[in-house]
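Q: I would like to go through the labels attached to this model and see what each one rests on. Please start with strand pairing.

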Amino acid sequence: MSIPATMRALQQTSLNGPQDMRLITDAPVPNPGQGEVLVRVTAAGVNFADISKAHGTFAGGPRPPYLAGFEAAGEVVAVGRAVTDPQPGVRVVGAGTGAFAEYMVLPAAAAVPVPPAWTEQQALGLVVNWPTALAALKPLGGIAAGHVVLIHAAAGGTGQAAVRMAKHHPRTPRRTWPATRPSAA
């Protein structure tokens, strides 16, 4: 596969929000450095962190102009020095910078193989949403058998993942609201 010198990408031009994201057609295709892989992006996730970065509220976030997006899936097309795995042709998902582009660089150690029967779109939740939900439920939330779990925001990917995990946690009670309340005596 021939890798072009330039690519299309979405560039965030201000800290006023995603409405100031612009399509550019001459962004340089990044080169993978030591321990990195170059991925031809076929799917990208849009996360709360992308919105936070676009508003300048993400701690240590980038300053405009920058290539937007950080979660993507696609095919490895080149590898940097000292990379033995994954090799070109492997489908991966991961987090890096510039995911809203045709190509992005990922740390090879953090490039997760896309499961064989999955699409790249299905694999996107493996990197941000599901691990975040798991961390919120287990080490942070301390979920255990018999606990009732209340998830305040289940409209996004992380909240939906948390609902699914909590439902399948061993012996977690399942309730629908409104819950029955004891009568006043």
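A: L38 has A78 in strand 5 as its bridge partner. Strand 3 and strand 5 pair over 8 bridges, in the antiparallel sense. The model is predicted, so local features need pLDDT of at least 70 and side-chain atom pairs count only at pLDDT 80 or more, while totals for chains, interfaces and linings use all residues. Residues are numbered from 1 along each chain as its sequence is written, and side-chain values use heavy atoms, leaving out hydrogens and water.

Q: What makes strand 3 and strand 5 a pair?
A: Pairing requires at least two bridges found by DSSP between two strands. Strand 3 and strand 5 have 8 bridges, so they count as paired by that rule.

Q: How many bridges join strand 1 to strand 4?
A: Strand 1 (residues 6-12) and strand 4 are joined by 2 bridges and run antiparallel. With a requirement of at least two, the pair qualifies. Q11 stands opposite L67 in strand 4.

Q: What counts as a helix or a strand, and how many of each are in the protein?
A: Both are DSSP runs numbered from the N terminus: helices are H or I runs of at least four residues, and strands are E runs of at least two. By this count the protein has 4 helices and 8 strands. Along the sequence they follow the pattern β-β-β-α-β-β-β-β-β-α-α-α.

Q: Why do strand 7 and strand 8 stand at the edges?
A: The open sheet of 5 strands is antiparallel, with order 7-3-5-6-8. Strand 7 and strand 8 (112-113) each have a single partner strand, so one side of each has no neighbour in the sheet.

Q: What is the order of the open sheet of 3 strands, and which strands stand at its edges?
A: The order is 2-1-4, again with antiparallel pairing. Strand 2 (21-28) and strand 4 (66-67) are the edge strands, because each has a single partner strand.

Q: Why is F48 called exposed?
A: Exposed means over 50% relative accessible area, buried means under 20%, and partly exposed lies in between (1.4 Å probe, protein chains only). F48 has 69%, so the label follows. F48 is found in helix 1 (residues 48-55). In helix 1, A49, D50, S52, K53 and A54 are buried. Their cover includes strand 1, strand 3 (36-45) and strand 4. After helix 1 comes G56, with a positive phi near 75°.

Q: What makes V46, F48 and I51 a nonpolar surface patch?
A: A patch takes residues with over 30% relative accessible area and no salt bridge, joining nonpolar side chains (Val, Leu, Ile, Met, Phe, Trp, Tyr) within 5 Å and like charges within 9 Å. A salt bridge would be a side-chain nitrogen of Lys or Arg within 4 Å of a carboxyl oxygen of Asp or Glu. V46, F48 and I51 make a patch of about 340 Å². The areas come from the Shrake-Rupley method with a 1.4 Å probe, and for residues only the protein chains shown count as cover.

Q: Is A82 buried or exposed?
A: A82 has a relative accessible area of 67%; the limit is over 50%, so A82 is exposed. Its phi is near 70°, a positive value in a residue other than glycine. A82 is found in the loop between strand 5 and strand 6.

Q: Which bond joins D85 and P86?
A: A cis peptide bond joins them, with omega about 0°. P86 lies in the loop between strand 5 (71-79) and strand 6 (91-95). Another cis peptide bond joins P64 and P65, with omega about -5°. P65 sits in the loop between helix 1 and strand 4.

Q: What makes a nonpolar core, and which members of the largest one touch the most others?
A: A core is a set of buried Ala, Val, Leu, Ile, Met, Phe, Trp, Tyr and Cys residues joined through side-chain atoms within 4.5 Å. The largest has 16 residues, and V37, V39, V92, M104 and L106 touch the most other members. Strand 3, strand 5 and strand 7 (103-107) each supply at least two residues of this core. Strand 3 gives the most, 3 residues. A second, separate core of 11 residues includes I24, A101, Y103 and V105.

Q: Which residues is V37 in contact with, leaving aside its neighbours within four places in sequence?
A: Contact means heavy atoms within 4.5 Å. The partners of V37 include P32, V76, V83, P86, M104 and L106.
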